Structures are given as C-alpha cells and as structure tokens.
Amino acid sequence: MAHLNIVSLPKHVDQLRILLNHHPFDILALNETRLDATISSDEMRISGYDLVRFDRSRNGGGACIYLRSSLNYINRND
C-alpha cells in the first residue's frame with residue numbers, strides 16, 4: 001500500500017502508470033487529485049486496477065484509491 005499527494009492526477013497519470021507497472025502496489029491512495037465531473041474515470045484508468053473517486057473540484061482537493069482488480073472489496077457510501 002502507498003499514499004501520495006499527487007496535486008493534479010490528470011497531469012501525473014502517465015507517471016503513475018509507470019510506477020504501478022514497476023511497483024505493483026495492491027492499494028494506491030491519492031489526495032489532491034483535482035478531479036471533477038469533466039474528467040472521466042476512463043481517462044484516469046490504469047490497467048489492472050479499479051478506481052474509486054472522491055471528487056471535489058479542479059481548484060483543489062479530492063481523493064481517489066486505485067485498487068488491484070483482483071482484490072475483493074466493497075465500495076461503501078459512508
């Protein structure tokens with residue numbers, strides 16, 4: 001498991017793809033993603049991982065978690 005303050009996921013998603021290819025963490029948590037409804041999950045997709053998003057705004061905030069697709073998990077709303 002790893003956690004990063006990403007400060008804009010769209011700007012760094014390619015670097016994360018490389019990181020997870022070389023260091024395949026089961027769980028990667030990110031904050032300051034700056035994602036909102038204008039950015040699709042497909043654009044942020046990383047092969048072999050599921051994405052769970054907690055958007056805020058493009059001006060700041062937001063978090064997400066990349067979970068290895070083989071993990072069993074439940075996405076709770078609370």
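**Close-up views of a predicted model**

**View 1. Helix H1 and its buried face.** In H1, the residues Leu9, Val13, Leu16 and Leu20 are buried. Buried means under 20% relative accessible area, exposed means over 50%, and partly exposed lies in between (1.4 Å probe, protein chains only). Helices (H or I, at least four residues) and strands (E, at least two) are DSSP runs, numbered from the N terminus. This is a predicted model, in which local features need pLDDT of at least 70 and side-chain atom pairs count only at pLDDT 80 or more, while totals for chains, interfaces and linings use all residues. Residues are numbered from 1 along each chain as its sequence is written, and side-chain values use heavy atoms, with hydrogens and water left out. The buried residues of H1 pack against strand S1 (2-5), S2, strand S3 (49-54) and S4. Contact here means heavy atoms within 4.5 Å.

**View 2. Length and bend of H1.** The 14 residues of H1 should span 20 Å at 1.5 Å a residue, and the end C-alpha atoms are 19 Å apart, which agrees. The expected span is 1.5 Å times one less than the number of residues. At Gln15, H1 bends by about 35 degrees. That bend is the angle between axes fitted to the seven residues ending there and the seven starting there.

**View 3. The largest nonpolar core.** This core has 15 residues. Leu9, Leu16, Leu28, Leu30, Met44, Ile46 and Tyr66 have the most contacts inside it. Two or more residues come from each of helix H1 (9-22), strand S2 (27-31) and strand S4 (63-68). H1 gives the most, with 4 residues. A nonpolar core is a set of buried Ala, Val, Leu, Ile, Met, Phe, Trp, Tyr and Cys residues joined through side-chain atoms within 4.5 Å.

**View 4. Around Met44.** Met44 touches Leu9, Pro10, Val13, Arg17, Leu35, Ile39, Leu51 and Tyr66, not counting residues up to four places away in sequence.

**View 5. The Arg68 and Asp26 salt bridge.** These two side chains meet at 2.8 Å, N to O. A salt bridge is a side-chain nitrogen of Lys or Arg within 4 Å of a carboxyl oxygen of Asp or Glu. The pair links distant parts of the chain: Arg68 lies in strand S4, Asp26 in the loop between H1 and S2, 42 residues apart. Arg68 is partly exposed, at 22% relative accessibility. Asp26 is also partly exposed, at 39%.

**View 6. Other salt bridges.** The whole structure holds 5 salt bridges. Among them, Asp55 pairs with Arg53, their closest N and O atoms 2.7 Å apart. Asp78 pairs with Arg76 at 2.6 Å. Both Asp78 and Arg76 are exposed.
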